[in-house]
Amino acid sequence: MSDDNNASGLAGELLARPPRQSPVIRLRLVPCLVGVFAALGLPAAAAALYGLPWWASLSGAALAALLLACLASPFFGLCVTAFTLIIACANLFYLVSGTLQFHLYPYYFPLCFTCLGMLARSGQGRLPLASRSAFMPVLLLVLVAETATLLWTPHPAWGAANIVRLFLNILLYWTVLVLCDSPRRLDLLLKTVLASALMTSIGVIAAMYYELDVHRYLTSKWALELHLYTIRAGGIESWNQSAGLLSVASFVAAGYAVLARTAWRRVGWGLGAMYFFCTMLLPASRGALLGFLGAAVLLILALPVTRRLFIRKTTLFVVVLIAGMLITTPGYIDRLMVGFGYTGELLFSKKKASSSSDSDATGLSTRFKIWAHGFRSLGDRPATILAGLGAGGFTYNIKVFEVHNIYLAFYYDMGLAGLFLLALLGFIFLGRTVPAYHVFQARLSGPPGGGGPASADFALVMFYAVLTALVAEVAVHGIVDYDLTSFVSRYAFFYLALYDVALRLAQARIAALAATPTPIPAAGLAAAPLDAAGPA
């Protein structure tokens, strides 16, 4: 093999497995810890001198420590942002108009501190701020188009609040792209997401037994909110978004199970994926379950190499799925039937089907009603049929907190311009995803090459894992949840950013594999067994 091929093989190996952390990076933790303790001690002493309450002193000290840590390591700030992204049980909100609220969530602080750290490093010439993104240019066009709709939105202040949220979503997207620039960092960020999902699962379980609902008004407009959702176990965020994160975590943990090189690790990660799946059922989110099942089916259909294996395990999967529902929340089966139009006697709940349906404000029939109301609002003024209702126009007119459909949100907000931008995003997604899919199909079906076994290829496995998670939560679950500017829309942007990073690493991996081509069996892709590229 030539020197060029040896170099390409080495580059491929570096991309295939996240590199180990160097001793130099570990030594940098010492000054960071010193700064953290100093940040905790000095504000606490100052607060004590001025006689502030202990919780105010502790909060100020924690924010000061977080600021210093984010300035020292912006990637650490990104991980803190990802970990706290789901936390909504504690927040400040401002009453904009009537029932319309603008929430300030905990993740805002590490996100802003991380951006300050990035700007500081950029000023020192240590961090380029340009991002090589497949979707960022279109997202910036969405921001411009949404901002332009402030000219005709029905409530300018509420529209401006929605633009601020959209800007923060894109800021989160940008930080992920700039800072997560290597397999090692993607590995750390995904494990941070898993840690956040573990915290969410604990919150979901706790919400089944403990009730917390505190609203303390600081002024006539500002209020502090502390709550755990107890009607349906939503944990530290609303039930749909908590279930959505657990669905994403299940796919990511399954990816790590594929990457595991020992039987014990493989079993551990597999049990972790099953745990996240079972706790996903507790919030009784039909959209999250449909997204999970839809993405799993699409993955099976898209991977001929693994299709036969999954088909053989289909019966076991169905048994485990039903058993998980019966063990965790048997009433979930009733919710599924009622949500899709069943009007007979319930099987596992004491309530009548009609009363359950009437009290369920999150059913599919309710979504159809608010979407129909939105279209009627568009027809009230002929110009809005072309230009949309403007930023926040749908939520202002319908008095709901989100559109509950990320696709319709483009049209409700921006009209025909929004539909064009949505189609452009879809075109770019397919144009960038399909070539990587075809190359990795050949990688899965080919014999072992210079890149090692396919099941140990980090870029390949996480490409499929994050793609499946994106399809589950945004493409499928997004049919009945999320939008562009609501307070839960940050998840759609975050999951898309994770996929953008995984896609970029996959393209780099493909470039490394191009120099070491491997023959594809003449029998075709479907004839190759699972992990034909080498033993597990």
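R286 lies in helix α12, which covers residues 286-302. The model discussed here is predicted. The relative accessible area of R286 is 8%; because buried means under 20%, this residue counts as buried. R286 and N240 are 46 residues apart along the chain, and their C-alpha atoms are separated by 8.2 Å.

The description now turns to the sheet. Four strands form an open sheet in the order β2-β1-β4-β3, with antiparallel pairing. Its edge strands are β2, residues 100-104, and β3, each of which pairs on one side only. On average, and with direction ignored, neighbouring strands of this sheet are turned by 30 degrees against each other.

The pairings can be followed across the sheet from β2. Strands β1 and β2 are joined in the antiparallel sense by five bridges, and L95 has Q101 in β2 as its bridge partner. Helix α8, residues 156-179, packs on the sheet and touches β1 and β2. The direction of α8 makes about 30 degrees with that of β2.

Strand β1, residues 90-97, also pairs with strand β4, residues 222-228, in the antiparallel sense over five bridges. Here N91 stands opposite E225 in β4.

Within β4, L224 is the bridge partner of R216. Strands β3 and β4 form a hairpin, with four residues between them.

Terms used: Residues are numbered from 1 along each chain as its sequence is written. This is a predicted model: local features need pLDDT of at least 70, side-chain atom pairs count only at pLDDT 80 or more; totals for chains, interfaces and linings use all residues. Side-chain values use heavy atoms; hydrogens and water are left out. Two strands pair if DSSP finds at least two bridges between them. Helices (H or I, at least four residues) and strands (E, at least two) are DSSP runs, numbered from the N terminus. Buried means under 20% relative accessible area, exposed over 50%, partly exposed in between (1.4 Å probe, protein chains only). Axes are lines fitted to C-alpha atoms, for helices over the stretch in contact, and angles run from 0 to 180 degrees between N-to-C directions. Contact means heavy atoms within 4.5 Å.
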